[in-house]
Amino acid sequence: MTRSHQSHVLITEGGRVNFGCFDGPIHFNPEAFRLRNFFGRELTGLRKRFALGAFNYLGIVGEDFLLGLAAVQLGYAANVFGYLFDFRTGELFEGAAKALSSRLSFPLNPDESVIEFQGSGCWLRIDKSHDRGLLDVEASFGKRLCVEGTFPYGFGHKPLRVVNPSCGDPNRFTFTEKCSPLRPESLSVRFDGAPREFDLARTTALYDWSCGYFNRHTNWLWAALCGLLPDGTPVGANFAALVNESYYPENAFWIGPERTRIPCVIFQYDPENPYAEDWRIFTEDGRVELRFKPLGERAEKTSLPFLRVNFRQFFGEFSGSLTGEGGRTIQLDRMKGLTEIHLSVW
């Protein structure tokens with residue numbers, strides 16, 4: 001059940017998690033959580049501190065490009081990255097910096113926070129305030145990709161905010177906030193010293209803020225899209241599988257001002273060759289029936305003593321239908337977005 005209109009405490013007395021879907025402010029207090037190992041023994045000190053992770057992602061979608069910005073903090077390590085994919089040419093630029101987590105300022109507050117990083121040839125600042133109803137971003141990667149923008153963003157956008165056991169592990173939890181689409185109030189993109197030309201009125205964005213004691217073995221499938229229908233109606237969606245279907249799923253789509261939550265989404269694709277055919281992303285009841293055509297990707301394989309990551313993120317186009325709560329069905333025709341196959345152990 002969705003709860004709203006008051007600030008909800010994340011961790012209650014006794015260290016228990018207040019699971020649910022919350023449409024209002026959160027008193028985010030992960031330090032009160034009693035983290036336990038496989039056999040129920042409480043973990044404290046550095047073991048607890050380094051088990052806490054957080055990430056923030058903003059995807060900006062123009063008519064012919066997809067731009068991604070992110071800050072990731074996992075235990076002792078931090079990763080900040082930005083990329084620009086050109087749908088016309090298939091070219092991809094990536095910039096990133098990895099450092100100790102102390103180099104990244106990442107306040108654990110999903111309502112009001114300023115994330116900042118500077119070093120290794122890049123800097124990033126994401127200033128988010130639900131109270132002011134704004135999301136401001138500034139970033140530079142190797143002085144090649146420079147971004148500055150302001151997005152109106154608050155609870156009126158009806159973000160999906162859920163708290164769940166981490167991938168079914170009752171000893172851990174994850175809070176996540178997803179919302180799509182956001183519309184920029186202002187946006188400047190420069191690449192290799194030249195301004196990127198685009199129609200601000202037809203540019204949208206998707207947002208993801210997540211934090212918690214993630215499961216050490218984490219797998220997921222993810223899809224997200226945003227854009228405008230021919231009549232100007234903004235549309236966005238966030239779908240995930242293999243993560244939290246048993247509690248409060250991370251699945252929703254937005255048609256204009258209305259949000260529709262979805263309990264379970266199914267992904268069908270060829271794992272050996274994801275480009276072989278269009279992916280099918282759908283629900284059993286037919287409210288979601290989409291085809292995704294991958295047109296490019298970014299990928300990472302990392303193998304360290306305490307961290308292994310294997311993921312592929314695909315940029316492409318979605319076509320098909322979405323049926324909202326009131327029975328309204330809309331048709332999507334080559335709306336831009338992305339999918340991801342993610343496996344990690346950390």
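## A hairpin and a buried asparagine

Guide: S120 takes a positive phi near 55° in the hairpin of β9 and β10, which has 2 residues between the strands. This is a predicted model, where local features need pLDDT of at least 70, side-chain atom pairs count only at pLDDT 80 or more, and totals for chains, interfaces and linings use all residues. Residues are numbered from 1 along each chain as its sequence is written, and side-chain values use heavy atoms, with hydrogens and water left out.

Visitor: Why is N238 called buried?

Guide: Its relative accessible area is 5%, and buried means under 20% (1.4 Å probe, protein chains only), so N238 in strand β19 (residues 234-241) qualifies.

Visitor: How do you know which backbone oxygen the N238 side chain reaches?

Guide: The backbone oxygen of E250 lies 2.7 Å from that side chain. A polar contact needs N or O atoms within 3.5 Å, one able to donate a hydrogen and the other to accept it.

Visitor: And what does N238 touch?

Guide: With contact meaning heavy atoms within 4.5 Å, and skipping residues up to four places away in sequence, the list is K178, W222, A223, A224, E250, N251, A252 and W254.

Terms used: Pairing = 2+ DSSP bridges. Helix = DSSP H or I, 4+ residues; strand = E, 2+ residues; numbered from the N terminus. Buried < 20%, exposed > 50% of the residue type's maximum accessible area, 1.4 Å probe, protein only.
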